[in-house]
Amino acid sequence: MKKHECALFDLDGVIVDTAKYHFLAWKKIASNFKYNLTHEDNELLKGVSRIESLKIILKLANKSLDEVLFEKILIQKNKDYLNFIQNITPEDILPGISEALFYLKKKQIKIGLGSASKNAKIVLDLLELTSYFEVIIDGNNINRSKPDPEVFLRGSSALGIAPDKCLVFEDSASGILAAKTAGMTAVAIGSPDTFLKEDFCYPNFLTFFKGDLHQLF
Ligand code: BG6
Ligand code: MG
């Protein structure tokens, strides 16, 4: 297997199960439009920015909003999300992640974060993982949402590693497309029927850590 020099991690749904809190917060918003947001709908929201997510929900619910209300809902969604995550601790780090970060650091593999979330730093701090990341690219540093490759290309360029030497971990279909468009190896975490162009797919990170991780770095 090809060896990589850089690992780029998505955050929500890969490092910690905050994807479920984004879902709950959006579900509450959608219910105000009398729309029942399903888990299937939620796959479309994973990896996508807050603004894009609300646009997708409005389309699903067949609703339109004026700018003022749109903005108000974005603020409410984030308030609810921040409430959900306020009590997360290092115990919420998903199985295999801490071990993988430790292993990669020891092997001097460059580690970066590539997340669409504007709350990424808050979450990494709560998990006490910030110091592992040499570079953090999040929703505050990018102009285009996944599946655009911007977030990962910025990561690889900040770390000084060519895209084809980078490996991306993602739980979203849009994130896998972003990684492949960036010319990187894409490891999908989740069910294979969720993704289109992944190089590898594992049901969870621990399976990957116990298996192929050591061959890929
Ligand atoms: C991504 C999540 O990581 O961040 C999306 O997968 C979320 O569900 C996006 O909408 C933006 O997050 P935030 O925290 O800026 O609202
Ligand atoms: Mg994710």
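Why does Ser 145 count as buried? Ser 145 counts as buried because its relative accessibility is 19%, and buried here means under 20% relative accessible area, with exposed being over 50% and partly exposed in between, using a 1.4 Å probe and protein chains only.

Before I go on, a word on the basis: this is a predicted model, in which local features need pLDDT of at least 70 and side-chain atom pairs count only at pLDDT 80 or more, while totals for chains, interfaces and linings use all residues. Residues are numbered from 1 along each chain as its sequence is written, chains are lettered from A and ligands numbered from 1 in the order in which they are written, and side-chain values use heavy atoms, with hydrogens and water left out.

Let me stay with Ser 145, which sits in the loop between strand 3 and helix 7; helices (H or I, at least four residues) and strands (E, at least two) are DSSP runs, numbered from the N terminus. Leaving aside its neighbours within four places in sequence, Ser 145 is in contact (heavy atoms within 4.5 Å) with Gly 47, Val 48, Ser 49 and Glu 52. A polar atom of the Ser 145 side chain lies 2.9 Å from the backbone nitrogen of Ser 49.

Now to the sheet, which is open and has six strands in the order 3-2-1-4-5-6, with parallel pairing, where two strands pair if DSSP finds at least two bridges between them. Its edge strands, each pairing on one side only, are strand 3 (135–137) and strand 6 (200–202). Strand 1 (residues 6–9) and strand 2 (residues 110–114) run parallel and are joined by four bridges, and within that pair Ala 7 stands opposite Ile 111. Helix 7 (residues 150–159) packs on the sheet, touching strand 1, strand 2, strand 3 and strand 4 (166–170).

Finally, the ligands. The magnesium ion (ligand 2) is coordinated by Asp 10 (OD), Asp 12 (O) and Asp 171 (OD), at 2.0 to 2.1 Å; donors are N, O and S atoms within 2.8 Å of the metal (3.2 Å for Na, K and Ca), and since water is not among the atoms, sites may look incomplete. Both Asp 10 and Asp 12 are buried. Asp 12 also has a polar side-chain atom 2.7 Å from an oxygen atom of ligand 1. For Ser 117, an N or O atom in the side chain is 2.6 Å from an oxygen atom of ligand 1, and for Asn 119 a polar side-chain atom lies 2.7 Å from an oxygen atom of that ligand.

Technical notes:
Axes are lines fitted to C-alpha atoms, for helices over the stretch in contact, and angles run from 0 to 180 degrees between N-to-C directions. A polar contact is a pair of N or O atoms within 3.5 Å; within protein, one must be able to donate a hydrogen and the other to accept it, and residues adjacent in sequence count only if both atoms are side-chain atoms.
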